[in-house]
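Dear colleague,

Please find below the sequence and the structure that I am handing over to you. My findings follow directly after them.

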Amino acid sequence: MKNEIYHPINMIGCECSINFISYDATELIVILDRFDSNRKVTIRFKNVYAYRITLEHFRITEVMDGLTLHSQPLYEVENSAYLSEMLMTGMRELYSSSLNVRHYAISTTEHIIDVLTAES
């Protein structure tokens, strides 16, 4: 994680928590509750290759370069260890050698959701 860099995607400018998660084999939907306005935000990822959810995110956020806790919940991850790990376990051979996968992360009050997708 030391070489990973978290680039904020400035779409949601407040602290959030997870309300709902749904996955249907290619599409991941995450609904967040906003703490500033009592409204919900839906984030939809298409062409998802893998995702993981980490509870008690505070144990790992201290080593995440660029992560600004709670002010921006959505990030694109550069030099992703998770993506490298998945590619080494055979994902590249399964899909193709020119696979262009991106790693996004959602940081909420209690969870981190990592998503590997071919979509921007």
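**Contacts along the chain**

In the protein, 60% of the contacts between residues at least 6 apart in sequence join residues at least 24 apart. Please bear in mind that this is a predicted model.

The predictor's confidence may be considered next. The mean pLDDT of the protein is 84, and 78% of its residues reach 70 or more. Among the elements, strand β3 (residues 28–34) has the highest mean pLDDT, at 96, whereas helix α1 (residues 81–95) has the lowest, at 79.

As to secondary structure, the protein contains 1 helix and 8 strands. Their pattern along the sequence is β-β-β-β-β-β-α-β-β.

In which order do the strands of the open sheet lie? This sheet of 5 strands has the order β1-β6-β7-β8-β5, and its pairing is antiparallel. Strands β1 (5–8) and β5 (48–55) form the edges, as each of them pairs on one side only. From one strand to the next, the twist averages 25°.

Strand β6 (residues 74–78) pairs with strand β7 (residues 102–107) in the antiparallel sense, over 4 bridges. Tyr75 has Ala105 in β7 as its bridge partner.

Finally, there is the matter of burial and surface. Of the 120 residues in the protein, 38% are buried. The accessible surface of the protein comes to about 7000 Å², and carbon and sulfur atoms account for 47% of this surface.

With kind regards

Conventions:
Residues are numbered from 1 along each chain as its sequence is written. This is a predicted model: local features need pLDDT of at least 70, side-chain atom pairs count only at pLDDT 80 or more; totals for chains, interfaces and linings use all residues. Side-chain values use heavy atoms; hydrogens and water are left out. Helices (H or I, at least four residues) and strands (E, at least two) are DSSP runs, numbered from the N terminus. Buried means under 20% relative accessible area, exposed over 50%, partly exposed in between (1.4 Å probe, protein chains only). Contact means heavy atoms within 4.5 Å. Accessible areas come from the Shrake-Rupley method with a 1.4 Å probe; for residues, only the protein chains shown count as cover. pLDDT is the predictor's confidence in each residue, from 0 to 100. Two strands pair if DSSP finds at least two bridges between them. Axes are lines fitted to C-alpha atoms, for helices over the stretch in contact, and angles run from 0 to 180 degrees between N-to-C directions.
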